[in-house]
Amino acid sequence: KRGVDFSVLAVDLHGLFLIVGVVDADLYLSALTGQIFRRNLLTVQIIGQLYNDLVFDEITHKTANKIEIALDFLNRNYSHSDLKISEVAKMTGMSEKHFRRVFYDVYKKKPHEFLKDIRLNRAEQLLLNTSKPISDIAIRCGFSDVYSFSHCFKRNFGISPKAYRKM
């Protein structure tokens, strides 16, 4: 049998520790070089860390799927003026608070801001590409009335919908 070169083993394990996120790799290495029987414990710890990473990735994947479903729902239903973020959260199976937090983490916008942007972008397209009355565009894009639409549009674009259309 060949002897174990602990210096090579230590370098390899140190790299592995860094990959799996062991906080104090040197402490683990010193224990390993002196006491080989601890390798079983270390192996169990590494497997445990890898398992936790896998579970975390799966939770993240599931959450991403839920947010994707919510986004699709918002894009299909933005025209409903009575659309509530609480309903979207419920549809994803998340609490409203958790949904808002996760949505913000992903898009760096609150869900209602995202919905407002969808509505305003669609209204912008309709203003530029159709001759529909502004009041119709407001209702079609999910605003409860032309006044709230005009106020929101002007706040976002710096100009009224009527003036924007004339540009």
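Residues are numbered from 1 along each chain as its sequence is written, and side-chain values use heavy atoms, leaving out hydrogens and water. In this predicted model, local features need pLDDT of at least 70 and side-chain atom pairs pLDDT 80 or more, while totals for chains, interfaces and linings use all residues.

Reader: How much space lies in the largest pocket?
Author: A pocket is an open set of points on a 1 Å grid over the protein atoms alone, where a 1.4 Å probe fits, with protein on both sides within 12 Å along at least five of seven lines. Its volume is the space filled by probe spheres set on the points, joined across faces, edges and corners. For the largest pocket that gives about 230 Å³.

Reader: Which helix gives the most to the lining of the largest pocket?
Author: Lining residues have an atom within 4 Å of a point. Helices are DSSP runs (H or I, at least four residues), numbered from the N terminus. H6 (111-129) and H8 (146-157) each supply at least two lining residues. The most, 5 residues, come from H6.

Reader: What separates aspartate 72 and arginine 76 in helix H3?
Author: Their side chains meet in a salt bridge at 3.0 Å, N to O; the rule is a side-chain nitrogen of Lys or Arg within 4 Å of a carboxyl oxygen of Asp or Glu. Aspartate 72 is partly exposed at 39%, and arginine 76 is exposed at 52%. The two are 4 residues apart, so the separation is about one helical turn.

Reader: Is aspartate 117 buried or exposed?
Author: Aspartate 117 forms a salt bridge with lysine 109 at 2.1 Å, N to O. Lysine 109 is partly exposed at 31%. Aspartate 117 has 18% relative accessibility, so it counts as buried.

Definitions and conventions. Buried means under 20% relative accessible area, exposed over 50%, partly exposed in between (1.4 Å probe, protein chains only).
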